[in-house]
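These are some notes on the model, set down as numbered points. Please read them with the sequence and structure open.

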Amino acid sequence: MTGPADTPTGPRDPRRVQALRWLNRRGVRLLHLLDAASIYLTLWLITGALIVVRRDFNAASYSDRYAWTFAVVVLVHLAVFYFGGLYDRERRLGVRPGAAKIITAVWFASLLVGLISWLAGEYLIPRSVLVVYALLGPFSLGANRWLSRRVRLRSEGPPRVLLVGDPQTVALAEQHLVQAGEGIVVAGHSPSVVDLQQRVREAQATDVVLLDAGALEALYTSAGLADLERDGVSTLQIVRPQDSLLGLRNVGEIGGMPFVLLSAHALTPSQRRLKRWMDVVVLVVTAPITVPVGLFTTLYVAALAGRPLLFVQQRVGFEGRSYWMLKFRTMGVDAERGTGPVQAATDDPRVLPGMAWIRATRLDELPQLLNVLHGSMTIVGPRPERPEEMAAYEAAFPGYRRRHQTLPGITGLAQVYGRYHTAIEYKLGHDLHYLADWSPVVDLQIMLRTVWVIVTRRL
């Protein structure tokens, strides 16, 4: 294994690195500041140019009117960029050009500014300025990201890759990387993913490149990929000719070789933030319905089941961490005393008289809205399992732990397409499909279908 190489960019400045890390820890990145300044400055430059073209030299009126509204426009853009993924930490290798993503974000933010202006009855920005900015804004934002990459290269040095595969494949890949002249340093070689995290530390690698399909399977069915991601190390998998027939998306290249970026989490940080805000909005919008229904259900359960009203049980949540899940109690207090943990079934004999319809309409799940408000659950996601069941499931179904890449949900794809008796492996297929294809639209579709399941009382 080769040792660390000198960086072509010269020695790093410890004070600069510490300053950037101090800002990052507080949620402020250089890119936030650059974008805010460039958007505000661009708006004023466009306004000034239009004043000259129109020969309207009453600049004082523009300054008095738009000095603060332009600041509001900047905040709207930064919010859209924040939830749109423009501030997610960019991988250093195999990243495709993000011009389309930047243009989409700028145009969406501009439309949002126009909508806010229409609702307020007063334009936050001259319409001509907004149209011109929608065309020119992406160029300044793209320049900011180029500058950010340059700063990162000077502060962190070039990417250092650890190649994983058989000697012949590794030699061919190393030859491509060297001949490409892209400044990528081959930090070391490894024949397999055994003790991969230790090998990465020894080589001081910033990226791992998998050249063997077997290595990918081993990483995905263990915690290896998540451990690397937690250490800030990116993992890439080479795309073989037969893989291309699967219709892979987002294929990048390194040294002329096709690669896909791997992630232990199906949802990016920006997607998780957007999903959280969707939960909050849904809780607020549906409160006039859920609060009265929750009060009625509380009185009903109190009358028929008595105390305790709630069934509190430990479940496995995000990244395998345990939490306490809430439900209205529909069974006896000691329903599992003689049997131990048992999966719920259709026409479950443990259900108390008069409580079956509460389970059929999913009203027993209402207290989990408090879990959502607390942040331990989400509205749509894989249903949580008990800790004692997890070891058996993970042993029987490789990759089962990937369900924990998002918060557990009150409802999910497995709940609207599956039933109580649906086998675990089939529910797992629904859950992993949901993680791979998540979008806000998918969540809304599942919520609407859940309403139909409740109305039809389908088990």
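1. Asp-364 and Lys-327 meet through their side chains in a salt bridge, 3.5 Å from N to O. This is a predicted model, and side-chain atom pairs count only at pLDDT 80 or more.

2. Is Glu-365 buried or exposed? Its relative accessibility is 9%, so Glu-365 counts as buried. Lys-327 has a relative accessibility of 12% and therefore counts as buried, the cut-off for buried being under 20%.

3. These contacts belong to a network of salt bridges that links Lys-327, Asp-364, Glu-365 and Arg-383. How many salt bridges does a search of the whole structure find? The search finds nine.

4. Another salt bridge joins Arg-273 to Asp-88, with the closest N and O atoms 3.5 Å apart. Arg-273 lies in helix H10 (residues 269–304), and Asp-88 lies in the loop between helix H3 (59–84) and helix H4 (99–120), so the pair ties together parts that are 185 residues apart in sequence. The two residues fall into separate accessibility classes: Arg-273, at 22% relative accessibility, counts as partly exposed, whereas Asp-88, at 16%, counts as buried.

5. The UniProt record, an unreviewed entry, places the feature "transmembrane region" at residues 30–53, 65–87, 99–119, 125–147 and 280–305. Two of these spans can be set against the model. Residues 99–119 are 100% helix and 0% strand, with end C-alpha atoms 30 Å apart. Residues 280–305 are 96% helix and 0% strand, and the end C-alpha atoms of that span lie 31 Å apart.

6. The model has an open sheet of six strands in the order E2-E1-E3-E4-E6-E5, with mixed pairing. Which strands stand at the edges? They are E2 (185–190) and E5 (252–254); each has a single partner strand, so one side of each is left without a neighbour in the sheet. On average, neighbouring strands of this sheet are turned by 35 degrees against each other, direction ignored.

7. Strand E6 (residues 257–262) pairs with E5 in the antiparallel sense over three bridges. Gly-252 has Phe-259 in E6 as its bridge partner, and Ile-254 has Met-257. E5 and E6 form a hairpin with two residues between them, and Gly-255 in the turn has a positive phi of about 55 degrees. Strand E4 (residues 234–238) is also antiparallel to E6, joined to it by four bridges. Ile-238 stands opposite Phe-259 in E6.

8. Helix H7 (residues 196–203) lies across E1, E2 and strand E3 (207–210), and runs at about 145 degrees to E1.

9. Which residues of H7 are buried? They are Leu-196, Val-200 and Ala-203. These residues cover an arc of only 75 degrees around the axis, which puts them on the same side of H7. Gln-204 follows H7 and has a positive phi, near 55 degrees.

10. A last point concerns Val-442, which is found in helix H16 (residues 440–456). Leaving aside residues up to four places away in sequence, Val-442 touches Tyr-434 and Asp-437. The C-alpha atoms of Val-442 and Val-380 are separated by 9.3 Å, the two residues being 62 residues apart along the chain.

Definitions and conventions: Residues are numbered from 1 along each chain as its sequence is written. This is a predicted model: local features need pLDDT of at least 70, side-chain atom pairs count only at pLDDT 80 or more; totals for chains, interfaces and linings use all residues. Side-chain values use heavy atoms; hydrogens and water are left out. Two strands pair if DSSP finds at least two bridges between them. Axes are lines fitted to C-alpha atoms, for helices over the stretch in contact, and angles run from 0 to 180 degrees between N-to-C directions. Contact means heavy atoms within 4.5 Å. Buried means under 20% relative accessible area, exposed over 50%, partly exposed in between (1.4 Å probe, protein chains only). The arc is that of the directions from the helix axis to the C-beta atoms. UniProt positions are given in the numbering used here, feature names are shortened, and annotations may be inferred rather than shown by experiment. A salt bridge is a side-chain nitrogen of Lys or Arg within 4 Å of a carboxyl oxygen of Asp or Glu.
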